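Have the viewer open while you read.

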Amino acid sequence: MTPRFALYWTPLTMLFLAFCFTPFAWSASLAVGESAPDFALTNQKGDTVRLSDYRGQWVVLYFYPKDDTPGCTTEACSFRDNINRLIQRQAVILGVSLDDSASHQAFAEKHQLPFNLLSDPDGKVAEQYGSLGDYFLFKLAKRHSFIINPNGKIVRIYRDVDPEAHVAIVLKDLKTLQEGSP
(Lines give C-alpha, C1' and ligand atoms only; values in the text may rest on other atoms or scores of the structure.)
Protein backbone atom coordinates (compact mmCIF):
# COMPACT_ATOMS: atom_id res chain seq x y z
CA MET A 1 0.00 0.00 0.00
CA THR A 2 1.30 3.46 -0.94
CA PRO A 3 1.44 6.13 1.79
CA ARG A 4 -1.11 8.94 1.31
CA PHE A 5 1.53 11.68 0.91
CA ALA A 6 3.02 9.82 -2.05
CA LEU A 7 -0.13 10.59 -4.04
CA TYR A 8 0.66 14.32 -3.71
CA TRP A 9 4.39 14.09 -4.14
CA THR A 10 4.42 14.06 -7.92
CA PRO A 11 2.12 17.08 -8.48
CA LEU A 12 3.90 19.09 -5.78
CA THR A 13 7.29 18.19 -7.19
CA MET A 14 6.19 19.13 -10.68
CA LEU A 15 4.84 22.46 -9.45
CA PHE A 16 8.09 23.19 -7.61
CA LEU A 17 10.22 22.28 -10.64
CA ALA A 18 8.04 24.33 -12.96
CA PHE A 19 8.47 27.34 -10.66
CA CYS A 20 12.23 26.91 -10.33
CA PHE A 21 13.07 26.20 -13.94
CA THR A 22 10.57 28.24 -15.92
CA PRO A 23 11.98 31.57 -17.10
CA PHE A 24 10.27 34.57 -15.59
CA ALA A 25 8.91 37.05 -18.10
CA TRP A 26 8.80 40.16 -15.94
CA SER A 27 10.53 42.45 -18.38
CA ALA A 28 8.52 44.20 -21.03
CA SER A 29 9.13 43.06 -24.57
CA LEU A 30 10.07 45.47 -27.29
CA ALA A 31 7.95 45.85 -30.41
CA VAL A 32 8.69 46.49 -34.07
CA GLY A 33 8.92 50.23 -34.70
CA GLU A 34 10.38 51.08 -31.29
CA SER A 35 13.84 52.55 -30.86
CA ALA A 36 16.41 49.92 -30.01
CA PRO A 37 17.74 50.54 -26.48
CA ASP A 38 21.34 51.74 -26.62
CA PHE A 39 23.99 49.91 -24.63
CA ALA A 40 27.71 49.82 -23.98
CA LEU A 41 29.18 46.32 -23.60
CA THR A 42 32.66 44.84 -23.76
CA ASN A 43 33.57 42.66 -26.72
CA GLN A 44 35.91 39.66 -26.91
CA LYS A 45 38.92 41.97 -27.32
CA GLY A 46 38.08 44.05 -24.24
CA ASP A 47 36.86 47.04 -26.28
CA THR A 48 33.65 48.88 -25.42
CA VAL A 49 31.01 48.61 -28.13
CA ARG A 50 27.92 50.81 -28.19
CA LEU A 51 24.88 50.18 -30.34
CA SER A 52 24.91 53.90 -31.15
CA ASP A 53 28.34 53.38 -32.79
CA TYR A 54 26.42 51.67 -35.63
CA ARG A 55 23.82 54.39 -36.27
CA GLY A 56 23.49 54.65 -40.05
CA GLN A 57 24.02 50.90 -40.54
CA TRP A 58 21.82 47.84 -40.43
CA VAL A 59 22.46 45.79 -37.29
CA VAL A 60 21.60 42.18 -36.59
CA LEU A 61 21.66 41.90 -32.81
CA TYR A 62 21.42 38.33 -31.64
CA PHE A 63 21.27 37.00 -28.11
CA TYR A 64 22.40 33.47 -27.36
CA PRO A 65 22.63 31.36 -24.19
CA LYS A 66 26.23 30.15 -23.90
CA ASP A 67 29.54 30.15 -25.75
CA ASP A 68 30.67 26.90 -27.34
CA THR A 69 27.44 24.95 -26.82
CA PRO A 70 25.95 23.07 -29.79
CA GLY A 71 23.09 25.40 -30.79
CA CYS A 72 25.08 28.56 -30.09
CA THR A 73 28.04 27.29 -32.09
CA THR A 74 25.77 26.34 -35.01
CA GLU A 75 24.20 29.80 -35.05
CA ALA A 76 27.51 31.68 -34.68
CA CYS A 77 29.20 29.62 -37.40
CA SER A 78 26.23 30.21 -39.70
CA PHE A 79 26.66 33.96 -39.24
CA ARG A 80 30.39 33.47 -39.90
CA ASP A 81 29.78 31.40 -43.04
CA ASN A 82 27.39 34.02 -44.40
CA ILE A 83 29.38 37.08 -43.35
CA ASN A 84 30.05 38.19 -46.94
CA ARG A 85 26.33 38.01 -47.81
CA LEU A 86 25.53 39.97 -44.65
CA ILE A 87 28.17 42.58 -45.50
CA GLN A 88 26.68 42.86 -49.02
CA ARG A 89 23.41 43.66 -47.24
CA GLN A 90 25.35 46.34 -45.30
CA ALA A 91 24.61 44.55 -42.02
CA VAL A 92 26.76 44.38 -38.90
CA ILE A 93 26.44 41.35 -36.62
CA LEU A 94 26.55 41.71 -32.83
CA GLY A 95 26.23 38.61 -30.65
CA VAL A 96 25.36 38.98 -26.95
CA SER A 97 25.45 36.50 -24.08
CA LEU A 98 26.08 36.64 -20.36
CA ASP A 99 29.49 34.98 -20.78
CA ASP A 100 32.56 37.07 -19.96
CA SER A 101 34.94 38.55 -22.53
CA ALA A 102 37.55 35.83 -21.99
CA SER A 103 34.98 33.15 -22.84
CA HIS A 104 33.95 35.16 -25.92
CA GLN A 105 37.56 35.48 -26.98
CA ALA A 106 38.16 31.73 -26.77
CA PHE A 107 34.87 31.04 -28.61
CA ALA A 108 35.64 33.57 -31.36
CA GLU A 109 39.18 32.28 -31.85
CA LYS A 110 38.16 28.62 -31.85
CA HIS A 111 35.50 29.18 -34.52
CA GLN A 112 37.11 32.14 -36.32
CA LEU A 113 34.13 34.41 -35.74
CA PRO A 114 34.67 37.74 -37.57
CA PHE A 115 32.15 39.82 -35.59
CA ASN A 116 31.76 41.23 -32.10
CA LEU A 117 30.62 39.01 -29.27
CA LEU A 118 29.48 41.21 -26.41
CA SER A 119 29.54 40.38 -22.72
CA ASP A 120 26.40 41.20 -20.73
CA PRO A 121 27.40 39.60 -17.39
CA ASP A 122 24.53 40.99 -15.32
CA GLY A 123 21.94 40.46 -18.07
CA LYS A 124 20.75 44.07 -18.06
CA VAL A 125 20.87 44.47 -21.84
CA ALA A 126 19.25 41.08 -22.40
CA GLU A 127 16.53 42.14 -19.98
CA GLN A 128 15.97 45.44 -21.85
CA TYR A 129 15.39 43.41 -25.01
CA GLY A 130 13.09 40.89 -23.29
CA SER A 131 15.76 38.27 -23.88
CA LEU A 132 16.79 37.32 -20.37
CA GLY A 133 15.95 33.85 -19.14
CA ASP A 134 15.89 34.02 -15.35
CA TYR A 135 15.82 30.41 -14.22
CA PHE A 136 15.74 31.21 -10.48
CA LEU A 137 19.19 29.73 -9.77
CA PHE A 138 20.91 31.00 -12.91
CA LYS A 139 20.40 33.36 -15.83
CA LEU A 140 20.99 32.94 -19.55
CA ALA A 141 20.23 35.01 -22.60
CA LYS A 142 17.38 33.58 -24.64
CA ARG A 143 17.98 32.84 -28.31
CA HIS A 144 16.35 36.00 -29.71
CA SER A 145 17.40 38.28 -32.56
CA PHE A 146 16.58 41.77 -33.73
CA ILE A 147 17.15 43.60 -36.99
CA ILE A 148 17.73 47.29 -36.34
CA ASN A 149 17.55 49.73 -39.23
CA PRO A 150 20.02 52.59 -39.86
CA ASN A 151 17.75 54.97 -37.91
CA GLY A 152 18.01 52.81 -34.79
CA LYS A 153 14.48 51.37 -35.02
CA ILE A 154 13.68 47.71 -34.49
CA VAL A 155 12.24 46.39 -37.74
CA ARG A 156 12.22 42.62 -37.09
CA ILE A 157 12.09 40.54 -33.93
CA TYR A 158 12.77 36.82 -33.79
CA ARG A 159 11.67 35.15 -30.55
CA ASP A 160 11.68 31.54 -31.73
CA VAL A 161 15.03 31.01 -33.40
CA ASP A 162 16.16 27.80 -35.08
CA PRO A 163 20.00 28.04 -35.04
CA GLU A 164 20.33 26.13 -38.32
CA ALA A 165 17.82 28.13 -40.38
CA HIS A 166 18.02 31.54 -38.72
CA VAL A 167 20.66 33.28 -40.85
CA ALA A 168 18.87 32.39 -44.10
CA ILE A 169 15.69 33.98 -42.71
CA VAL A 170 17.62 37.07 -41.58
CA LEU A 171 19.18 37.46 -45.03
CA LYS A 172 15.78 37.15 -46.72
CA ASP A 173 14.25 39.68 -44.33
CA LEU A 174 17.14 42.12 -44.77
CA LYS A 175 16.63 42.01 -48.52
CA THR A 176 12.88 42.58 -48.15
CA LEU A 177 13.38 45.44 -45.69
CA GLN A 178 16.08 47.15 -47.74
CA GLU A 179 14.13 46.88 -50.97
CA GLY A 180 11.03 48.27 -49.28
CA SER A 181 8.83 45.24 -49.90
CA PRO A 182 6.26 44.26 -47.27
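Is Cys 77 buried or exposed? With a relative accessibility of 12%, Cys 77 counts as buried, where buried means under 20% relative accessible area, exposed means over 50%, and partly exposed is in between (1.4 Å probe, protein chains only). Cys 72 is buried as well, at 1%. A search of the whole structure turns up 0 disulfides, a disulfide being a pair of cysteine sulfur atoms within 2.5 Å.

Some ground rules before going on. This is a predicted model, in which local features need pLDDT of at least 70 and side-chain atom pairs count only at pLDDT 80 or more, while totals for chains, interfaces and linings use all residues. Residues are numbered from 1 along each chain as its sequence is written, and side-chain values use heavy atoms, with hydrogens and water left out.

**The overall layout**

The chain has 6 helices and 9 strands; these are DSSP runs numbered from the N terminus, with helices being H or I of at least four residues and strands E of at least two. Of its 182 residues, 46% count as buried. Among contacts with a separation of 6 or more, 68% come from residues 24 or more positions apart, and contact means heavy atoms within 4.5 Å.

Seven strands form the sheet: it is an open sheet of 7 strands in the order S2-S1-S5-S4-S3-S8-S9, with mixed pairing. Strand S2 (48-50) and strand S9 (154-158) are at the edges with a single partner strand each, so one side of each has no neighbour in the sheet. On average, neighbouring strands of this sheet are turned by 30° against each other, direction ignored. Two strands pair if DSSP finds at least two bridges between them. Strands of a sheet pair through backbone hydrogen bonds, either parallel or antiparallel.

| Strand pair | Bridges | Direction |
|---|---|---|
| S3 and S4 | 6 bridges | parallel |
| S4 and S5 | 4 bridges | parallel |
| S3 and S8 | 4 bridges | antiparallel |

Val 59 shows up in two of these pairings: its bridge partner in S4 is Val 92, and its bridge partner in S8 is Ile 148. Helix H6 (residues 166-178) packs on the sheet and touches S3, S4, S8 and S9, with its direction at about 160° to that of S9. Axes here are lines fitted to C-alpha atoms, for helices over the stretch in contact, and angles run from 0 to 180 degrees between N-to-C directions. H4 lies across strand S1 (40-43), S4 and S5, and runs at about 160° to S5.

Why call S4 largely enclosed by the rest of the structure? Because 7 of the 7 residues of S4 are buried. Both faces are covered: Ala 91, Ile 93, Gly 95 and Ser 97 are buried on one side, and Val 92, Leu 94 and Val 96 on the other. Gly 95 stands opposite Leu 117 in S5. S4, helix H4 (residues 101-111) and S5 also make up a right-handed β-α-β unit; right-handed means that, with the strands pointing away from the viewer, the path from the first strand over the helix to the second runs clockwise.

Leu 94 sits in strand S4 and counts as buried at 0% relative accessibility. Leaving aside neighbours within four places in sequence, Leu 94 is in contact with residues including Phe 39, Val 49, Val 60 and Leu 118. Leu 94 and Leu 117 are 23 residues apart in sequence, yet 6.0 Å apart in space, C-alpha to C-alpha.

**Some loop residues**

Most residues other than glycine have a negative phi. Asp 68, not a glycine, has a positive phi of about 60°; it is in the loop between strand S3 (58-63) and helix H2 (70-81) and is partly exposed at 37%. Gln 90, also not a glycine, has a positive phi of about 55°. Gln 90 lies in the loop between helix H3 (83-88) and strand S4 (91-97) and counts as exposed at 57%.

Ser 131 belongs to the loop between helix H5 (124-128) and strand S6 (132-134), and at 0% relative accessibility it counts as buried. Not counting residues up to four places away in sequence, Ser 131 touches a set of residues including Phe 63, His 144 and Arg 159. The Ser 131 side chain reaches the backbone oxygen of Tyr 129 at 3.2 Å.

Technical notes. Polar contact = N/O pair within 3.5 Å; in protein donor to acceptor, adjacent residues only side chain to side chain.
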